[in-house]
Amino acid sequence: MNTAQWHQWLRHTRVDPPSIEEQQSDIQRQAQLKQLARLADERWAAKPSFLDAPKERSQPGPATLPRDPGGYIGQTEPDEKEGVRNLVAGIDDMAESNRETPDQYKGKENPWKTRKGNPGEGWQPAAWTPGSTNRT
């Protein structure tokens, strides 16, 4: 078996060939590394995976009654200007209040009006007329 030490010596990056003791310690190091890798794989396999479906429902269902009823005290009706508007009745009111009248645009350029096409779309090159040259 050619180890890294032998490759180093054969490529002349190492001055001396590996000794017997060095080769034996390298074999022991590799065996210890394999043992630690096997133990790590066993620990990894013993842990449950998040990708697997749970065997039983460990999460509680929704609570039907609150534990602290203090947060669910009945509230009085808010004034018309407070709180959330009534969804059914308030849609028309909101649409009317958000609509801008044409009088607001008098004297202003309409920001939503866009020009058609690109800025240089109508450009055409001028006809080429060569100038006369003086030949002497």
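**Chatting through the contacts**

Analyst: E42 and R38 both sit in helix 2, four residues apart, about one turn of the helix. Helices here (H or I, at least four residues) and strands (E, at least two) are DSSP runs, numbered from the N terminus. This is a predicted model, where local features need pLDDT of at least 70 and side-chain atom pairs count only at pLDDT 80 or more, while totals for chains, interfaces and linings use all residues. Residues are numbered from 1 along each chain as its sequence is written, and side-chain values use heavy atoms, with hydrogens and water left out.

User: What do the side chains of E42 and R38 form?

Analyst: A salt bridge, at 2.7 Å from N to O. The term means a side-chain nitrogen of Lys or Arg within 4 Å of a carboxyl oxygen of Asp or Glu.

User: Buried or exposed, or in between, for E42 and R38?

Analyst: E42 is partly exposed, with a relative accessible area of 42%, and R38 is partly exposed too, at 39%. Buried is under 20% relative accessible area, exposed is over 50%, and partly exposed is in between (1.4 Å probe, protein chains only).

User: How many salt bridges does that rule give?

Analyst: Three. Another one joins R29 and D26, at 2.9 Å from N to O. R29 and D26 are three residues apart in helix 2 (residues 20-46), so about one helical turn separates them.

User: Which side chain does R14 meet in a salt bridge?

Analyst: That of E22, at 2.4 Å from N to O. The R14 and E22 side chains are also joined by a polar contact of 2.4 Å. A polar contact is a pair of N or O atoms within 3.5 Å; within protein, one must be able to donate a hydrogen and the other to accept it, and residues adjacent in sequence count only if both atoms are side-chain atoms. E22 is partly exposed, with a relative accessible area of 26%.

User: Where is R14 found, and what is R14 in contact with?

Analyst: R14 is in the loop between helix 1 and helix 2. Leaving aside neighbours within four places in sequence, R14 is in contact with Q5, Q8, W9 and E22. Contact means heavy atoms within 4.5 Å.

User: Switching topic: what is the phi of H12?

Analyst: Near 65 degrees, a positive value in a residue other than glycine. Most residues other than glycine have a negative phi. H12 is in the loop between helix 1 (4-10) and helix 2, and H12 is exposed at 71% relative accessible area.

User: Last one, how many helices and strands does the chain have?

Analyst: Three helices and zero strands, in the pattern α-α-α along the sequence. Of the 136 residues in the chain, 4% are buried.
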